[in-house]
Amino acid sequence: MLWDALTLQLGYNATLVALGATLLGVSAGVTGTFLFLRKRALVSDAISHATLPGVCLAFMALVALGGDGRNLLGLLAGSAISAWAGLLCMNWLTRHTRLAEDAAIGAVLSVFFGFGIVLLTVIQTMGVGRQAGLEGFLLGSTAGMLWADAMIIAIGGAVTLLLVMIIRRPMTLVAFDPEYAAARGLPVHRIDLAMMGLVMAVTVVGLKIVGLILIVALLIIPAVTARFWSERSEHVVLLAGVAGGLAGYIGAAISASAPNLPTGPIIVLVSFAFFVVSLFFAPKRGVLAAVLRHLRFQRRVHIRQGLLALAQGQKIYEPLTLRLLRRAGLARADGVATDTGKARAAKALRDERRWEIVRADLAHEATAALYDGLRDIETVLTRDQIAEIDRRIGGPQGILL
Amino acid sequence: MSGEEFVPLSLTPLLIGTFAAIACALPGNFLVLRKQALIGDAISHVVLPGIVVAFLVTGTISTWPMMLGAAGAAVVAVVLIEAIRRLGQIEPGAAMGVVFTTMFAAGVLLLEQTDTSTVHLDVEHALYGNLESLIWLDATGWSSLLDIEALAGLPPELPRIALTLVGVTLFTWLFWRPLKISTFDEGFARTIGIRTGVLGMALVITAAIAAVAAFDAVGSIIVIAMFICPPAAARMLTNRLETQIAWSVLFATASAVSGYVLAGYGPLWLGGADAVSAAGMIATMSGLILAAAATFGPCRARIGAHTSA
C-alpha cells in the first residue's frame with residue numbers, strides 16, 4: 001500500500017496531493033533556510049497565523065459577491081493581503097517601538113489569529129453553507145483537492161523558487177552580515193521585507209495542504225536539518241530543498257496509504273524524523289560525531305599521559321589509561337612498558353622537552369600558542385626546526401659512574 | 001441588565017476570562033522583558049498533544065488528568081527545546097519552532113487516530129476555548145453569591161483559575177526582588193548569589209501552569225495574547241516595572257471585559273443575531289490596546305527619544 005502510494009499508484013487525488021506536497025516542501029525548505037540563517041525563524045509563525053483573517057474576509061467578500069466562497073485563488077489572495085498587513089505591523093512594532101522582535105511576533109500572531117477566529121464565528125452565523133472548508137485552512141485538508149488547486153500550488157511554488165534563486169545572493173549577505181551588507185549599499189530593510197514576502201508566499205501556497213499552523217514546521221525544520229550537513233550556505237539551501245521535498249512526498253504518500261492519517265501532520269512528522277536522524281548522525285555537527293570526537297580526545301589524553309608516566313618510571317593507577325595502553329600494545333597487564341611502549345614513551349618525553357624549549361623561545365610565539373599537551377610537534381614545526389631544537393637539548397648522555 | 005440574567009449567564013465567564021487574563025499577564029511581564037515572549041506560544045501549542053495523551057491514558061474527559069497531561073507536555077517541550085538547542089547548537093527560536101510544531105502535529109495525528117466522536121475534544125475547542133458556555137445555572141440573581149447551595153454549582157473552572165491566579169500572584173510577590181534583578185541584570189544577579197538558572201526555570205514553569213489553567217477555560221489563543229499584549233502595551237507607558245505590572249493588569253482586565261461584552265452584545269447592537277467568539281474578541285481587544293499604546297504611549301520609543309519621564 002505504501003509502495004503504491006510512493007509510486008503514485010493510488011489514484012488521481014493522491015497523486016495530485018503528493019506532487020503538490022513535494023513542490024511545497026521544496027519551496028518551503030529553500031525559502032525557510034534564509035529565514036533560519038537570518039535567525040528569524042519564528043517570524044514565519046506570525047506570518048502564517050496572520051493569514052486567517054484574510055481567508056475569512058475573502059470568503060465573506062466572495063459570498064457577498066454571489067460566489068460560493070470556496071474559490072481557492074480568492075481565498076489565497078485574501079490570506080496574502082492579511083499576512084502582508086501582519087508582516088508590516090510586526091516590522092513597524094520592532095522598528096518604531098521598544099518591543100523586541102519576539103514580543104512583536106507574539107502580539108501579531110495572537111491578535112490576528114484571534115480576530116480571524118471572531119470572523120470565523122461570524123461566518124458560521126451568517127448561515128451560508130459550505131463554510132466547512134474554511135476550518136480546513138487551520139490544519140490543511142487535502143481530501144477534496146482539485147486539479148486547479150494543484151496548479152495554483154505548483155505555479156505558486158515555482159514562482160517562489162525562481163524569486164528565491166534571483167535574490168539569493170543579497171539575502172545570504174544580509175543573513176550573515178547585515179552591517180556589511182548595509183555598508184555595501186544594499187537596502188537591508190527592503191531585502192528583509194522581500195525575504196518575509198517570499199515566506200508569506202510559501203505560507204499562502206501551503207495553506208491548502210498543511211494548513212496555517214503547521215506550515216511553520218515546513219519552513220523551519222528542513223532548514224535546521226540541512227544545517228547539520230554542511231557549512232556552506234548554498235549547500236544548506238539545496239539540502240533544505242531536498243529534505244523538504246522528500247518530507248512532502250513521503251508524508252503525502254504515507255497519509256494516502258491508510259485512513260485517518262491527515263497529510264499536514266504526517267509531513268511534519270516525517271520532516272521531524274529527518275531532523276532527528278541528522279541531529280544524531282550528521283558527520284560533523286551531529287551528536288554521535290561529537291561523542292566519538294570526545295572519546296577519541298579522551299583516548300589521546302590518556303595514552304599521552306600514560307606514556308609520560310612510563311617514561312618517568314611512575315606507576316599508572318588509572319585503570320582506563322592502563323587499558324588503553326595495553327590495547328595499543330604499549331604496556332603489559334602489570335603496567336610495565338613493552339618495547340614499542342618504551343620507544344613511544346621516550347619520544348613523548350623528548351617531545352615534551354622540545355615543546356618546553358619552543359614555549360620558552362619568543363621566536364616561536366605563534367607555534368607555542370598551539371601547545372595543548374597533545375599535539376605532535378612534527379605537525380607544527382619543520383624537520384629542520386626540530387633538529388635545531390634537538391641540538392639545544394643535546395643527545396642522550398651516558399651515566400658517569 | 002438585571003441581576004437575574006447577568007449573574008447566571010455572564011458573571012462567571014467574565015470572572016474566568018479576567019482571572020485567566022491577569023494570571024497570564026503577570027508572568028508575561030517578565031517573559032517580555034527577558035525576550036522569552038514566545039514561550040507562551042510554544043506552551044499553548046504543545047498543550048494539545050498533552051491533553052490527547054491524557055485522554056488516551058484515562059479514557060475520559062476529566063479535568064485533572066488533562067491538566068497533568070498538559071503540564072507534562074509543557075515540561076517535555078521545554079526540556080526538548082533546551083536539549084535540541086544544546087546538542088545541535090541551534091539558535092533558540094529555531095529549536096522552539098522545531099519542537100512545538102512537531103508536538104502539535106503529533107497531537108493532531110493522535111486526535112485523528114483515536115475515536116473522540118463521543119467526547120468533546122477537538123482542535124477548534126483547544127484553540128478558541130469555550131468561554132461562553134461556562135455559565136452558572138444554579139444562580140438566580142445577586143443573592144446567589146451568598147447561597148451555599150448555589151455556589152456549589154459554580155463551573156469548576158472558576159475556582160481553578162482563581163487558585164492559579166493566587167499562585168501566580170504569590171510567586172511574583174515572593175520572588176519580586178530576585179525576579180526583578182535577574183530580569184534586568186543577570187550577571188549582577190548571579191554575583192549577589194541569586195540562582196538565575198533555577199529562577200528562570202521557575203518563571204517558565206509558573207507561566208506554563210498559568211497557560212494550562214487558562215487554556216482549560218478559555219483556549220490557547222487568549223493565552224498567547226495575554227502573555228504578550230498587555231505587558232507589551234504597558235511597556236510603552238512607563239519605565240518602572242511596578243507601574244508596568246499595574247498597567248498590564250489593568251489592560252488584561254480591560255481586554256477581557258470589553259472583549260467578552262463586545263463578543264456577546266456587539267453583534268446584537270450591529271443588528272446581528274448571534275454572538276461571536278469571546279476568546280477571539282478578547283485577543284482582538286488586547287491587540288487594539290497594544291496598537292493604541294504603541295501609537296501614543298509616552299515611553300514607546302527605544303532609546304532616549306521619549307518625551308517626558
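1. Setting aside neighbours within four places in sequence, Pro222(A) contacts Ala28(A), Gly29(A), Gly32(A), Ala240(A), Ala243(A), Gly244(A), Ala247(A) and Ser271(A). This is a predicted model, and the remarks here should be read as such. Pro222(A) belongs to helix 12 of chain A. Is Pro222(A) buried or exposed? Pro222(A) counts as buried because 33 other C-beta atoms lie within 10 Å, and the cut-off for burial is 20 or more.

2. On the overall make-up of chain A: the chain has 19 helices and zero strands. Its radius of gyration is 31 Å, well over the 21 Å that the globule rule gives for 401 residues, so chain A is more spread out than a compact globule. Along the principal axes, the C-alpha atoms of chain A fill a box of roughly 115 × 55 × 35 Å. Buried residues make up 45% of the 401 in chain A.

3. On domains: chain A is split into domain 1 (2-260) and domain 2 (288-393). How far apart do the C-alpha centres of domain 1 and domain 2 of chain A lie? The separation between these two centres is 56 Å.

4. Arg353(A) is located in helix 17 of chain A, which covers residues 339-360. With 14 other C-beta atoms within 10 Å, Arg353(A) is partly exposed. The C-alpha atoms of Arg353(A) and Leu325(A) are 22 Å from each other, and the two residues are 28 apart along the chain.

5. On the contact between the chains: chain A contributes 48 residues and chain B contributes 54. On the side of chain A that touches chain B, helix 6 (101-126), helix 7 (132-139), helix 12 (211-227) and helix 14 (263-281) of chain A each provide at least two residues. Helix 6 of chain A gives the largest share of that side, 16 residues. By residue type, the side of chain A that touches chain B consists of 35 nonpolar, seven polar and six charged residues. Helix 12 of chain A, one of the contributors, is also the helix that holds Pro222(A).

6. On the nonpolar cores: the largest has 212 residues, and Ala23(B), Ala214(B) and Ile222(B) touch the most other members. Helix 6 of chain A supplies the largest share of this core, 15 residues. A separate core of 11 residues lies apart from it, and includes Ile303(A), Leu310(A), Ala337(A) and Ala345(A). As for Ala23(B), its contacts, not counting residues up to four places away in sequence, are Ile161(B), Thr164(B), Leu165(B), Val168(B), Ala210(B), Ala213(B) and Ala214(B).

7. Which residues are buried in helix 9 (residues 168-176) of chain A? They are Met171(A), Val174(A) and Ala175(A). Seen down the axis of helix 9 of chain A, the buried residues fall within an arc of 100°, so they line one face of the helix. An α-helix has 3.6 residues a turn, so residues three or four places apart point the same way. The face of helix 9 of chain A turned away from the buried side carries the exposed residues Arg169(A) and Phe176(A). The cover over the buried residues of helix 9 of chain A includes helix 2 (12-37), helix 10 (178-183) and helix 11 (188-206) of chain A.

8. Phi of Lys39(A) is near 60°, a positive value in a residue other than glycine. Phi of Lys35(B) is likewise near 60° and positive. Most residues other than glycine have a negative phi. Lys39(A) sits in the loop between helix 2 and helix 3 (43-49) of chain A, and is partly exposed, with 14 other C-beta atoms within 10 Å. Lys35(B) is in the loop between helix 1 (3-33) and helix 2 (38-58) of chain B. Lys35(B) counts as exposed because it has 12 C-beta neighbours inside 10 Å, and the limit for an exposed residue is 12 or fewer.

Notes: Residues are numbered from 1 along each chain as its sequence is written. Chains are lettered from A and ligands numbered from 1 in the order in which they are written. This is a predicted model: local features need pLDDT of at least 70, side-chain atom pairs count only at pLDDT 80 or more; totals for chains, interfaces and linings use all residues. Helices (H or I, at least four residues) and strands (E, at least two) are DSSP runs, numbered from the N terminus. Domain bounds come from an automatic or database domain assignment. Two residues are in contact if their C-beta atoms, placed from the backbone, lie within 7 Å. Ala, Val, Leu, Ile, Met, Phe, Trp, Tyr, Cys and Pro count as nonpolar, Asp, Glu, Lys and Arg as charged, and the others, Gly among them, as polar. The radius of gyration is taken over C-alpha atoms; the globule rule is 2.2 Å times the number of residues to the power 0.38. A nonpolar core is a set of buried Ala, Val, Leu, Ile, Met, Phe, Trp, Tyr and Cys residues joined through C-beta atoms within 7 Å. The arc is that of the directions from the helix axis to the C-beta atoms.
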